[in-house]
Amino acid sequence: MNEFKSGFFVGGEACEGRVLVVDDEPDIRKVVKMTLEKSGYEVIEAENGEKAIDVINSGENRLLLDVVICDIRMPKINGAEAVAYFRSNYPRVPLVVLTGFPDPDMATSFLRQGVVDYLVKPVQGETLRSAVARAIEQRELARL
Amino acid sequence: MVKVVLLCNRATVSLQGDRLMERSDPTKVAILGGGRGGRALLDLLHQIPSIEIVGIADSDPAAPGLQRARELKVPVTTNVPDLISDHGVGLLLDVTGDPEMEAYLHAHKLPTAEILSGSASRLLWKLIQHESKLEAELLHSEKLAGIGSFAAGIAHDINNPLQLILGLAENLTVERDLAAVHEQARDIIEAVKQTSAICRDLTRYSRRASPHGNVMVSVNGKLDEALKIARYASSFHDIEMIKHYQSGAAVTGNPDELLHVLVNLITNAVHAMERRGGTLTLETTLLDGQVGVRISDTGCGIAPDNIPEIFEPFFTTKAPGKGTGLGLYNVKTIINKMHGTIAVDSQIDKGTTVTLTFPNAEPVGQGWPS
């Protein structure tokens, strides 16, 4: 067993990891949550960058958050600002960008900042799950 | 067919060129003939600040040109001798199409007045028609250029519902709870409706302005329609909206063109608040037969040096590729056509208020077109 694995038990079921979904559209949070929960992830939500920063700074999330999935076009603190914040304050938490607007320049800039994946909506459940799995793998590697 | 020979006296042009540009007293013009030609001339010339129309004459008091002149508060007469004996008149524009009129004018005009008649005035009429065609083209291309900047907004608004549809549909392939199946199918239907509304709004907006022109338009309805379109052009995140609508505010004009004006002004207001957010206030008033439309933002404001230039074609403070510089120029052109006025009040870092005023359209007892 890998003693560094962040998985823990929720209601007797194995939890693959804790994912924070940041999107201003409740429908998107709902559907991402539905997709990931089916694969055993625990999903928490934030409706904008500001709330996301609050969430990651609160209690156990500081330690237990495994992946952040982040939209770009959002009110308050937008995705680009939130990504920059996460990268400098929580460099070990992997980030996946999930955006409605394919922008190659922006994608390159995010990948350079160390974002694991840049996904453009609509994205299939399988793609989303494998991006999250890859992100968690990176987190495990970072801990070793 | 009008054949033209251009004659140019170099010496005169070079001597007078600079001074002509700077001359401040307006050219005083009298229009003879209130038919279609007279009316078109009136519409064009009254927009040019360096031209003053001293009057328009036609033997028929109900001629369309005379009716328009009354709306524009240009003096109207059925008496040609009175008009041409006005001492201030520098140019007589004869669009009567009457060969006798030309001879009459030459015989009776004041020595200081010049005459434009016959084929010269027909040429002018053709130029005006051509100019209005170009104007419509310009308006349409500026609108299409603007739609390019909607890409991010459209992608956002289409891809979000698509993500919902895809996620729910994937789930439906394995969902066993019948109640959940029904609920998710309903969510998919809603998401499809939402997506198709985007296409409907945009195709309506992007079409060429309908040529049939002037009808009565409810300003409040158009403001709401413009808001929907402007949301594609810029992010309304962090922007608080305040609406104060006076019911019954209606103007006469081309509804597509008015929509274009409002989309332009709302987009500018929102762009001005891009950095820090703020409040967008839309207000309509109805006072003394005048409809007022006020669009205020609490954004970055316009530098005082730039204010005199904002209506000039190709003037822009936006980064290359972000604006055509034709937005406010077209706004002004449309407002002039609607016999309205536009006033801009701006303070750096405080915000900008744009106020439009139009004559109130008389209700004609029918429904309010939206």
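Colleague: In which helix of chain B does B:Asp256 lie?

Modeller: Helices (H or I, at least four residues) and strands (E, at least two) are DSSP runs, numbered from the N terminus. B:Asp256 belongs to helix α10 of chain B. This is a predicted model, in which local features need pLDDT of at least 70 and side-chain atom pairs count only at pLDDT 80 or more, while totals for chains, interfaces and linings use all residues. Residues are numbered from 1 along each chain as its sequence is written, with chains lettered from A and ligands numbered from 1 in the order in which they are written.

Colleague: Is B:Asp256 buried or exposed?

Modeller: A residue is buried if 20 or more other C-beta atoms lie within 10 Å of its own, exposed if 12 or fewer, and partly exposed in between; the C-beta atoms are placed from the backbone. B:Asp256 has 21 other C-beta atoms within 10 Å, and is therefore buried.

Colleague: With which residues is B:Asp256 in contact, leaving aside its neighbours within four places in sequence?

Modeller: Two residues are in contact if their C-beta atoms, placed from the backbone, lie within 7 Å. For B:Asp256, with those neighbours left aside, the contacts are B:Ala209 and B:Ser210. B:Gln347, by comparison, is 91 residues from B:Asp256 in sequence and 31 Å from it in space, C-alpha to C-alpha.

Colleague: How is the span of helix α8 of chain B checked?

Modeller: The expected span of a helix is 1.5 Å times one less than its number of residues. Helix α8 (residues 178–206) of chain B has 29 residues and should therefore span 42 Å; its end C-alpha atoms are 43 Å apart, which agrees. In α8(B), the residues B:Gln184, B:Ala191 and B:Tyr205 are buried. The buried residues of α8(B) pack against α7 (151–172), α9 (219–233) and α10 (255–272) of chain B. As for α9(B), its 15 residues reach 21 Å from first C-alpha to last, close to the 21 Å expected. Its buried residues include B:Val219, B:Leu223 and B:Ile229.

Colleague: How does one describe two packed helices?

Modeller: One gives the angle between their axes and the distance between the axes. Axes are lines fitted to C-alpha atoms, for helices over the stretch in contact, and angles run from 0 to 180 degrees between N-to-C directions. Helix α2 (residues 36–45) and helix α3 (residues 64–71) of chain B pack at about 25°, with their axes 7 Å apart. Angles under 35 degrees count as roughly parallel, over 145 as roughly antiparallel, 65 to 115 as roughly perpendicular and the rest as oblique. Therefore α2(B) is roughly parallel to α3(B). Among the residues making the contact are B:Arg36 and B:Leu42 of α2(B) and B:Pro64 and B:Arg68 of α3(B).

Colleague: Which residues of α2(B) are buried?

Modeller: They are B:Gly37, B:Gly38, B:Arg39, B:Ala40, B:Leu41 and B:Leu42.

Colleague: What is the mean pLDDT of chain A?

Modeller: pLDDT is the predictor's confidence in each residue, from 0 to 100. The mean for chain A is 86, and 89% of its residues reach 70 or more. Confidence in chain A is lowest in strand β1 (residues 9–10), at a mean of 48, and highest in strand β6 (residues 95–99), at 95. Where pLDDT is low, the predicted coordinates should not be read in detail.
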